[in-house]
Amino acid sequence: MKIALMDSGIGLLAAAAAVRRLRPDAELVLSSDPDGMPWGPRTPADLTGRALDVARAAAAHRPDALIVACNTASVHSLPTLRAELEPGIPVIGTVPAIKPAAAGGGRVAIWATPATTGSPYQRGLIGEFAAGARVTEVPCPGLADAVEAADDDAVAATVAAAAALTPADVTDVVLGCTHYELVDTVIRAALAARTQGAELVFHGSAEAVAVQALRRIGARPEPGLPVTGGLTVLRSGRLGTLPAAAFGYAEGRLLAGRDATVG
C-alpha cells in the first residue's frame with residue numbers, strides 16, 4: 001500500500017510516523033511546500049491553491065490515500081481537495097481532538113495557532129462536541145514556526161508563554177496543530193510545572209488520522225510487520241530529501257530509514 005501525507009512543512013511527520021508504526025510495510029509519500037510556507041497567514045483562496053498543488057504532486061505518485069496532515073489546510077481546503085481527488089484517492093483531513101477531550105467532562109484547553117484560535121471553525125467544533133464543557137482556547141503565536149525550524153530555545157519560550165495562558169486546573173489538553181505533537185514532551189513538562197504535577201490527558205490527531213486512512217483503504221494496523229516501506233519526499237512538487245530540521249525530532253529519525261537522507 002502507498003499512503004501520501006501533505007502539509008506546508010514538517011508538521012506531517014507526526015502522522016507519517018504513526019502510519020509507519022502501524023504499517024511498517026506502507027510506502028509513504030511526504031508532500032510539503034517549503035516555497036510557500038507558512039500557510040497560516042495566507043488567505044483561504046491562496047492557501048487552497050497552494051494545498052492543491054501539493055496534493056496534486058502527491059497524487060501523481062498514485063497513493064491509495066492522502067492524509068491532509070495540517071489543521072489549517074483541513075479547515076480551508078478539504079472540500080476542494082476532496083472534490084478533485086475523490087473517489088479515486090480517499091482524502092483524510094485532520095480535526096482537533098475536541099470531542100474525545102470533552103467526553104470525560106473535565107476542563108479542556110485547546111492549544112492552536114492564533115489564526116485558528118477563536119475562529120468560527122474551532123468555535124463550531126466546541127459548540128458541537130464540547131457544549132457545556134469548560135473550554136479555554138490558548139493561542140500559541142510562533143510555536144509552529146519554532147517547531148518548523150527545530151529551534152529549541154524558541155520552542156521553549158513559546159511553549160512557556162502558552163502554558164502561562166492555560167488554566168492551572170485543566171485536565172485535558174488538545175494539541176490543535178500538527179506541529180505541536182512533535183514537541184509534546186516540552187509541552188507536557190511546561191504544563192506539569194503549571195498544574196503542579198497533576199496528571200493531564202493529551203489529545204493529538206496523528207494516530208487517529210493514520211487509523212482512519214487505513215480504514216478508508218480496507219487495511220488494518222499490523223505493527224509487527226517488518227519495515228519494508230520506502231519513503232518519497234516531495235518539496236513544492238520536486239523530488240527531494242527530508243529537511244535537516246526533521247532529524248531534530250524522533251518522528252523524523254524514525255522515518256529516515258535507508259531511503260532518506262538529510263537535505
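Before you click on, a word on the model: it is predicted, so local features need pLDDT of at least 70 and side-chain atom pairs count only at pLDDT 80 or more, while totals for chains, interfaces and linings use all residues. Residues are numbered from 1 along each chain as its sequence is written, and side-chain values use heavy atoms, with hydrogens and water left out.

Back to the pair on screen. The axes are lines fitted to C-alpha atoms, for helices over the stretch in contact, and the angles run from 0 to 180 degrees between N-to-C directions. Helix and strand names follow DSSP runs (H or I, at least four residues, for helices; E, at least two, for strands), numbered from the N terminus.

Now show side chains. From α1, pick Ala 14, Ala 15, Ala 18, Val 19 and Leu 22; they meet Ala 206, Glu 207, Val 209, Ala 210, Val 211 and Leu 214 in α9. Contact here means heavy atoms within 4.5 Å. The residues of this contact divide into ten nonpolar, no polar and one charged.

How many of its ten residues are buried? Nine, so the helix is mostly covered; buried means under 20% relative accessible area, exposed over 50%, and partly exposed in between (1.4 Å probe, protein chains only). Among the buried ones are Leu 13, Ala 16, Ala 17 and Arg 20. To see what covers them, color β1 (2-6), β2 (27-32), β3 (65-68), α9, β9 (231-235) and α10 (250-256): the buried residues of α1 pack against these elements.

Next, select helix α7 (residues 152-164) and helix α8 (residues 184-194), which pack at an angle of about 40°, with their axes 9 Å apart. That makes α7 oblique to α8. The crossing of α7 and α8 is right-handed. On the α7 side, Val 155, Val 159, Ala 163 and Ala 164 meet Val 186, Ile 187, Ala 190, Leu 191 and Arg 194 in α8. Here the contact residues divide into eight nonpolar, no polar and one charged.

Then jump to Val 147, in helix α6 (residues 143-148). Is Val 147 buried or exposed? Buried, with a relative accessible area of 0%. Leaving out residues up to four places away in sequence, Val 147 touches Ile 10, Val 155, His 179, Leu 182, Val 183 and Tyr 249.

Cysteines next. The structure holds zero disulfides, a disulfide being a pair of cysteine sulfur atoms within 2.5 Å. Cys 70 is buried, with a relative accessible area of 8%. For Cys 140, the nearest cysteine sulfur is again that of Cys 177, at 8.5 Å. Cys 140 counts as buried too, at 3% relative accessibility.

Now for some loops. Thr 117 lies between β5 (107-112) and α5 (120-129) and is buried, with a relative accessible area of 18%. Beyond its neighbours within four places in sequence, Thr 117 is in contact with Ala 112, Gln 122, Glu 137, Val 138 and Pro 139.

Last, look at the backbone. A cis peptide bond joins Met 37 and Pro 38, with omega about 0°; Pro 38 is in the loop between β2 and α2 (44-59). The bond from Glu 86 to Pro 87 is also cis, with omega near 5°, and Pro 87 is in the loop between α3 (71-85) and β4 (91-92). Finish on Arg 62, in the loop between α2 and β3: its phi is positive, about 55°, although it is not a glycine. At 71% relative accessibility, Arg 62 counts as exposed.

Methods. Ala, Val, Leu, Ile, Met, Phe, Trp, Tyr, Cys and Pro count as nonpolar, Asp, Glu, Lys and Arg as charged, and the others, Gly among them, as polar. Angles under 35 degrees count as roughly parallel, over 145 as roughly antiparallel, 65 to 115 as roughly perpendicular and the rest as oblique. A crossing is left-handed if the near helix is turned anticlockwise from the far one by less than a right angle, and right-handed if clockwise.
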